[in-house]
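Q: Hi, I have just opened this one and would like a slow walk through it. Could you take me around, one topic at a time?

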Amino acid sequence: MYEQFKTRAEGVSAEVYRFGTKAGALDFIVGFLEREGIADEPQAHALWTECPFLDGIDRQTLAGVAGLKFEITRDLAADARFGISQMQWALADTGTLVQDSTAIDQRLVSSLPAIHIALVPTSGILPDMPALLTRLHPAQSGYIAMITGPSRTADIERVLTIGVHGPERLVIVFVDDLGGAN
Amino acid sequence: MGTEFKESIHKAVNDANLTGALGKFSEAYKVNRAKAYEGIDFEELRGRIAELKSYAASHLDLLSDLFEQNATARGAKVFRTSDPVKVREYILTVAQENGVKTVVKSKSMATEEIHLNPYLEKAGISVGETDLGEWIIQLAGQTPSHMVMPAIHMTKEEVSDLFSKEVNERLTSDIPRLVKVARDRLRPMFLKADMGISGGNIACAETGSIVLMTNEGNARLVTSLPRIHVALVGIEKLVEKYADIAPILKALPRSATAQLLTSYVSIITGPTPNDDGSMKDLHIILMDNRRSEMAADPKFKQALQCIRCASCLNVCPVYRLVGGHVFGKVYTGGIGTILTAWFDELKKSEDIQGLCIQCGACKDVCPGRIDIPELIMEIRRRLVQEQGVPMLQRAIYSVVNNRKLFHGMLRAASIAGKPFTSGKFVRHLPMFLADLTDGRSLPAIAAEPFRDRFKGIKQPECTEKAAFYAGCLIDFAYPEQGEAVVSVLNKAGIRVIFPEEQTCCGAPARYNGAYETAAGNAINNIRALLAEDVRYVVSACPTCTVALEHEFINTFESLGQTEWIPKARELAAKTVDFSTLAKRLVDEGRLTLKEGQQLGRVTYHDSCHLKRTLKVSEQPRELLRKAGYELAEMFECDMCCGMGGSYSLKLPEISGPILQRKLKNIKETGAPVVAMDCPGCVMQIRGGLDQDGAAVQVRHTAELLAEQLKE
């Protein structure tokens, strides 16, 4: 199912990576942020929301990454270049990520910054929408969010253009040993 | 048709930007849609959607109660009303009570329906559309021309002019740059807005949730950043169960934009926290505005199965020529015609219902399985019922309903038409065929109609009998097509009888809403065709076949004339179109063709009624191959030729360009012959090619087959 997801997600311009361990994923993310010019200033900083991935990670080891913040506010999110959050599920047949987004922070970091980095446990891959609907119900979540690729439009002359009101890049990072986060 | 309306059509078809953009879009759409549905059983999927939406339409009150109960339990404030005025007042009150100065909106057709923006603006509230297309038309002071792509009629140059004014900077027409400008311009509006207004793609009663689908991500911001969220939902968006949203999420993006899923889907249930720790003030408005009345109407109830994908616009040969604005200010295209007749008023649909050429392309792709052409016919019928038939048409129908007089006039026309005949074509015909424009020559009325020629045909002794229903065109314009049918059937051992009392099939009257006339035609034909016991009633005109097989029954049902229905069913059971019967006879080994013929290339045009109502498309192709032709398929082989019976007389400015596109596709195959199964299409396409001067022969499949019968 991972391969199917990857094909579908890349088909809608998402970038898909997979790591066996949290350590591998963390290295990749730090490297990515640095390559993309993270800095402690507006339009360059990154916000990382609380999520199971961060459990057990000593944030001191990340203190050297200038501009990486774990505090989420609307103003910081509006100025952020990167938003990092964990999505719970991935739907293989459409390349879709899904999250209980009841907490506003989850939406701020995935909708306002230009680049959204989404961590996903590989075990969270489901075949399709009906499989999801049996696992995630509005009774448990006031705001169920599904994300399929970056923000897009074709409203001017039907020319596909990436990045309107939401992120212009969606970087998906699967982690095999993220465990039974779901 | 009103002058203003005619002018809007004229303006649209002469807008090269518009027709160019829409033409290219509709061509690409067809391919992309097919790709998006790969591996999916569309009939099964739309069967499920039709079923669950139909259930919802039958239980609007129940589901509205359930929705209100469940949404309220989660903390949402639910307001229900049937009155659009009350919706506007409610939203304004919420805004004023909360000191709202700025509103951001994500795309909502329901707010267009109630003209919300000008109302709020008049009260001093600033309203910003955030969907890129909606923002463009808001800046331009226009209305949406498409339900999914509101600004599809505009060029990037026009957009860059608008944006340049807005940001006070001369912009180029570079699209990614224009999109960036929109992002930068709208972002502060999102952040400062006090209220977000959205629509709802689905409302789920069981959970009290609304589902929003967008690609740009604006709905996520509209529902997350402002402290108040108002969702305006038409009650036709209700579904019963949470699981019901899955088939709609599967079909809507595929049908709307050929995507597997929109970039964003949000399922919102009750208020969620704002970023300052307070809870969202969530208002959900369930709006009726005549939807319940629609649900109570046995014919129109099915229109509530619409999921607003706009695929009926995307495949419509008329929409792609005239665009949305000709249809009106809110809902456009096929389903838009129906929604306008209800949500606005029947009278408003008077002109636009006439745009439908009844080709059935929309019915084929509708994910809600709505018979849009049939509903537009019903609007026509009701308009005629309310207003009566126009004088000129009434005069024509009184003639059509009097077979002797009608046929007498057609015979007279064969003589009267003579002076204008050039070869096989005349430039002008008398009577109702007189008002014709350029682009197509019309056939001369045959000197000797089929009914007279038939008497001279020597038929062999046969064991089986079939009645031939000629229809007006074969009888009086193309008798040779009738002779071809007789020789093919004779070859297979079927004797053909021609009931003299047969008359017009009633399609012209029916397609103009004059059902009483059509019913009169039906009765005369039933009497004539069932008078003698035959195995088949054969027609070589798909429009006539559809009349005999389906519409007689439907016309009686619509008028509540049950008396003739059993006879109509008896006739329907015997009726068969020429190619279906011929193919069957070949398969049974009763009809043998010359062997080893190499007749070269032929291209085949699918007639609307044959392909989409009778579901016949492979049979004529296989017959042609068996006869020795090589099939060279044309682009858009099943796209309407623009004939549509009297449509080509009433709206020549639309019919003409549709024909030209068809001719181009025919010529591009390089085939010297184009075959088809409909004498109406023969008339349209042969006339077009005659004026065009292209050396392509236009033949009825029956004629081509009759030439290849084994000696």
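Q: Let's start with helices: what is the handedness of the crossing of α9(B) and α10(B)?
A: Keeping in mind that this is a predicted model, the crossing of α9(B) with α10(B) is left-handed.

Q: And at roughly what angle do their axes cross?
A: The axes of α9(B), residues 156-167, and α10(B), residues 175-192, cross at roughly 35° and come within 11 Å.

Q: Which residues meet there?
A: From α9(B) there are Lys156(B), Val159(B), Ser160(B), Phe163(B), Glu166(B) and Val167(B), and these meet Ile175(B), Leu178(B), Val181(B) and Arg185(B) of α10(B). Sorted by class, that contact has six nonpolar residues, three charged ones and one polar one.

Q: What about α8(B), is that helix mostly covered or mostly open?
A: Helix α8(B), which spans residues 132-140, is mostly covered, since seven of its nine residues are buried. Those buried residues are Leu132(B), Gly133(B), Glu134(B), Trp135(B), Ile136(B), Ile137(B) and Gln138(B).

Q: What covers them?
A: The cover includes β3, α9 and α10 of chain B, and β10 of chain A is also among the elements that cover these residues.

Q: What comes just after α8(B)?
A: Just after that helix sits Gly141(B), which takes a positive phi of about 65°.

Q: Which strand of chain B is joined to β9(A), and how do they run?
A: Strand β9(A) is joined by five bridges to β9 of chain B, residues 264-268, and the two run antiparallel. Within this pairing, Ala145(A) stands opposite Ser266(B) of β9(B).

Q: Last one, Phe5(A): where is its place, and why does it count as buried?
A: Phe5(A) has its place in helix α1 of chain A, residues 2-11. Phe5(A) counts as buried because 27 other C-beta atoms lie within 10 Å, where the cut-off for buried is 20 or more.

Q: Which residues does Phe5(A) touch?
A: Leaving aside residues up to four places away in sequence, Phe5(A) touches Ala90(A), Ala92(A), Gly95(A) and Ile125(A). As for Glu168(A), which is 163 residues apart from Phe5(A) along the chain, the C-alpha atoms of the two are separated by 20 Å.

How values were computed:
Residues numbered from 1 in each chain as written. Chains lettered and ligands numbered in written order. Predicted model: local features only at pLDDT ≥ 70, side-chain atom pairs only at ≥ 80, totals over all residues. Pairing = 2+ DSSP bridges. Helix = DSSP H or I, 4+ residues; strand = E, 2+ residues; numbered from the N terminus. Axes fitted to C-alpha atoms, helices over the stretch in contact; angles between N-to-C directions. Left-handed = near helix turned anticlockwise from the far one by under 90°. Contact = placed C-beta atoms within 7 Å. Nonpolar A, V, L, I, M, F, W, Y, C, P; charged D, E, K, R; others polar. Buried ≥ 20, exposed ≤ 12 C-beta atoms within 10 Å, placed from the backbone.
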